[in-house]
Amino acid sequence: MEKTSQPKDQRAIIVSIDLLRAHQDHLEQFNSNEFIELAKSSGLKVEHHFFSKQNFVAASHFLSKGKADELKYIVESENIKLVVLDCELSPSQERNLEKLLCARVLDRTGLILDIFAARAQSDIGKLQVELAQLSFLSTRLVRGWSHLERQKGGIGLRGPGETQLETDRRLISNRIKQLKKKLDKQHNQKNLNRYSRKKGNNKLVALVGYTNAGKTSLFNLLTKGGLDAEDKLFATLDTTTRRSNFKFQTFETVLFSDTVGFISNLPTKLVESFKATLDDLASADLLIHVIDAADSNRDIKTKEVDLILDELGVNSMPQIRALNKIDLIKNKEIWPTNNLHLEIKISSETGEGLEELKNKVSECLFGNLLHGWVQFSPVQASVRSKLFDSGCIIEEKLDSSGQHQSLVSISQSMLEQFEEIDIFKNLKPI
Ligand SMILES: Nc1nc2c(ncn2[C@@H]2O[C@H](COP(=O)(O)OP(=O)(O)OP(=O)(O)O)[C@@H](O)[C@H]2O)c(=O)[nH]1
Ligand SMILES: [Mg+2]
């Protein structure tokens, strides 16, 4: 399928619509600023930000007659070829507006799909975006899709009496079926991996949160790193899972997953197409909800993420909230986002709070950490060596009588796996 990404720096008008019946000033402001960010993220040059305050949705053009004419005047006088509206247009509203404005019209779903199309890199990511695009386009089909026809050999495919439009619809629906099959296959493969992960006794921690909160930056600190963290919306589309780059005072391996960011009013077409990827969240043992603590819209965004987690059925999973970007907050006065979850203040930029976060992750996955000095006898050398390998021995010294003492920090779950449990009887919770 052809990429629909905008040419770089294409001039566009952004239209924010304020439906007066649901009036909440701060929310309107937040939404329209965010929409501008989205438009810029897709490489558009925003020439104009047009506001339409109206009481109702006009059936034919979504915009009221007066506002649509006002917009037409600006489009013509500034010779703009693309108008992007922050709403969900019906296929006929989109067509009518295009006719009236003599310019291409894109709605919120169209814009987000466009960004996703430009960013998708993995096979699964590309398939998912194509599926979402085709489901979206199939309802908007009014003229021929010549490139699809060419791929399939075109004219020979057409049945007797079938119109061009019917042929196009059939080609698209075949392609959708094909894509779903491919995606199912890929996900079955992933399920197998998940199964082997369970068998291998690994733990999975998924990083979730609003787009641009700092998930990838934190992921890079927790694993060997190397993923691109960028100051733009939807920098990450594909889930990446890697083992942690440090020991967790346990025998098990801890894996971290970096995931696609959420956004308010995430188009349903996208949620459906990405559901299978997001379903992976259901197999996690713990979620780290990364929050940009320095964002003035922190609480609105946190609620949006909660809603989506709820929709995905993972809201009751153990969750730690990482209040990120505290380096940007001068007085460090940060209110809790709620009282339901453990919250740790961190900076993925400076590394502040990372140790505490790691300890809490360990505690959630493996129980309390126990801590203290231990003296190993020669017959316990194998225990000592296992503890070393798992990162449980923090320090060693010779005491006044020349005996080796080891400072041990060990999770409850690991401790229970040793027969020589007596060695640890003097350890205390941290
Ligand atoms: N000052 C500061 N900047 C940060 C911190 N964490 C992340 N950033 C910056 O915030 C921007 C977004 O970071 P990412 O890690 O890409 O955010 P993300 O949540 O993965 O974003 P998406 O993949 O788009 O959903 C980047 O420019 C990071 O450098 C932090 O603790 N402090
Ligand atoms: Mg990211």
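Modeller: Let's start with Asn338, which touches Arg321 and Glu343, leaving aside residues up to four places away in sequence; touching, or contact, means heavy atoms within 4.5 Å. This is a predicted model, where local features need pLDDT of at least 70 and side-chain atom pairs count only at pLDDT 80 or more, while totals for chains, interfaces and linings use all residues. Residues are numbered from 1 along each chain as its sequence is written, chains are lettered from A and ligands numbered from 1 in the order in which they are written, and side-chain values use heavy atoms, with hydrogens and water left out.

Asn338 sits in the loop between β9 (319-324) and β10 (342-345). Such labels are DSSP runs numbered from the N terminus: helices are H or I with at least four residues, strands are E with at least two. A polar atom of the Asn338 side chain lies 3.1 Å from the backbone nitrogen of Leu340. That is a polar contact, meaning a pair of N or O atoms within 3.5 Å; within protein, one must be able to donate a hydrogen and the other to accept it, and residues adjacent in sequence count only if both atoms are side-chain atoms.

The loop between β9 and β10 also holds Lys325. Lys325 has a positive phi of about 65° although it is not a glycine. Most residues other than glycine have a negative phi. With a relative accessible area of 19%, Lys325 is buried; buried means under 20% relative accessible area, exposed over 50%, and partly exposed in between (1.4 Å probe, protein chains only). Phe62, in the loop between β2 (44-54) and α2 (65-77), likewise has a positive phi, near 65°. Phe62 is buried too, at 9%.

Now for the ligands. Thr216 belongs to helix α8 (residues 215-222) and Thr236 to the loop between α8 and β6 (240-243), 20 residues apart, so the pair links distant parts of the chain. Both Thr216 and Thr236 are buried.

Around ligand 1 there are 24 residues, of which Lys215, Thr216, Ser217, Ala235 and Asp327 come nearest; a residue counts as near if one of its heavy atoms lies within 4 Å. An oxygen atom of ligand 1 is 2.8 Å from a polar backbone atom of Gly214, and one is 2.7 Å from an N or O atom in the Lys215 side chain. On its own, ligand 1 has 650 Å² of accessible area, and the protein covers 89% of that. Helix α8 gives the most to this shell, with three residues.

Finally, Ile393 lies in strand β12 (residues 393-398). Ile393 counts as buried because its relative accessibility is 11%. Its contacts, not counting residues up to four places away in sequence, include Phe376, Leu387 and Val408. Stepping back, the protein chain has 13 helices and 14 strands, and 49% of its 430 residues count as buried.

Technical notes: Accessible areas come from the Shrake-Rupley method with a 1.4 Å probe; for residues, only the protein chains shown count as cover.
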